[in-house]
Amino acid sequence: MKHYWSRLLALVLVVVIGLMGCSSGGGLSGDYRQDTLDVIGVLRNAIELPQDAPNKGEVQAEARKKINDFAARYQRNGSLTGLSSFTTMRTALNSLAGHYSSYPNRPLPAKLKQRLELEFKQVEMAVARGN
């Protein structure tokens with residue numbers, strides 16, 4: 001009887017851990033198009049925030065989390081790697097993440113802001129076309 005209960009407990013733990021692990025999408029829905037647009041919205045908010053804003057650190061932390069969540073969810077999806085929206089989005093995410101990790105206390109340079117905005121527009125158009 002003791003052997004039965006230990007196996008049942010082990011099975012329940014495996015199921016609970018499996019479900020908890022599968023459900024952690026970092027706040028992303030799993031719909032690539034919608035997630036891409038949501039991440040762009042968060043990143044635009046972080047980019048446009050003035051340097052002296054009181055919640056600058058929190059907004060940047062949220063942006064970094066979204067970048068990491070997006071990369072973790074979609075980087076290994078082979079069906080997305082050929083999409084122009086995905087490759088452009090990865091370029092933008094890598095640029096912004098690189099700036100945040102190398103220069104966390106410095107404002108974004110104007111050239112980087114312009115390039116990111118251009119890339120975000122390209123991604124939005126490509127997502128709308130289905131690419």
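Trainee: Which residues have the most contacts inside the largest nonpolar core?
Mentor: Keep in mind that this is a predicted model. The largest nonpolar core has 27 residues, and L43, F70, L96 and L116 have the most contacts inside it.

Trainee: Which helices each supply at least two residues of this core?
Mentor: Helix 2 (32-48), helix 3 (56-74), helix 4 (84-102) and helix 5 (110-129) do.

Trainee: And what does L43 touch, leaving out residues up to four places away in sequence?
Mentor: A63, I67, L93, L96 and F120.

Trainee: Let's take I67, then. Is I67 buried or exposed?
Mentor: Buried, with a relative accessible area of 6%. I67 sits in helix 3 and, not counting residues up to four places away in sequence, touches L43, L93, L96 and A97. There's also V39: I67 is 28 residues from V39 in sequence, yet their C-alphas are 7.4 Å apart in space.

Trainee: Switching to helix 5: which of its residues are buried?
Mentor: L112, L116, E119, F120, V123, A126 and V127. They span an arc of only 130° around the axis, so they lie on the same side of helix 5.

Trainee: What covers the buried residues of helix 5?
Mentor: Helix 2 and helix 4 are included in that cover.

Trainee: Which exposed residues are on the face turned away from the buried side of helix 5?
Mentor: That face carries A110, K111, Q114, L118, M125, A128 and R129.

Trainee: What follows helix 5?
Mentor: G130, with a positive phi near 95°.

Notes. Residues numbered from 1 in each chain as written. Predicted model: local features only at pLDDT ≥ 70, side-chain atom pairs only at ≥ 80, totals over all residues. Heavy atoms only, no water. Core = buried A, V, L, I, M, F, W, Y, C linked by side-chain atoms within 4.5 Å. Buried < 20%, exposed > 50% of the residue type's maximum accessible area, 1.4 Å probe, protein only. Helix = DSSP H or I, 4+ residues; strand = E, 2+ residues; numbered from the N terminus. Contact = heavy atoms within 4.5 Å. Arc of directions from axis to C-beta.
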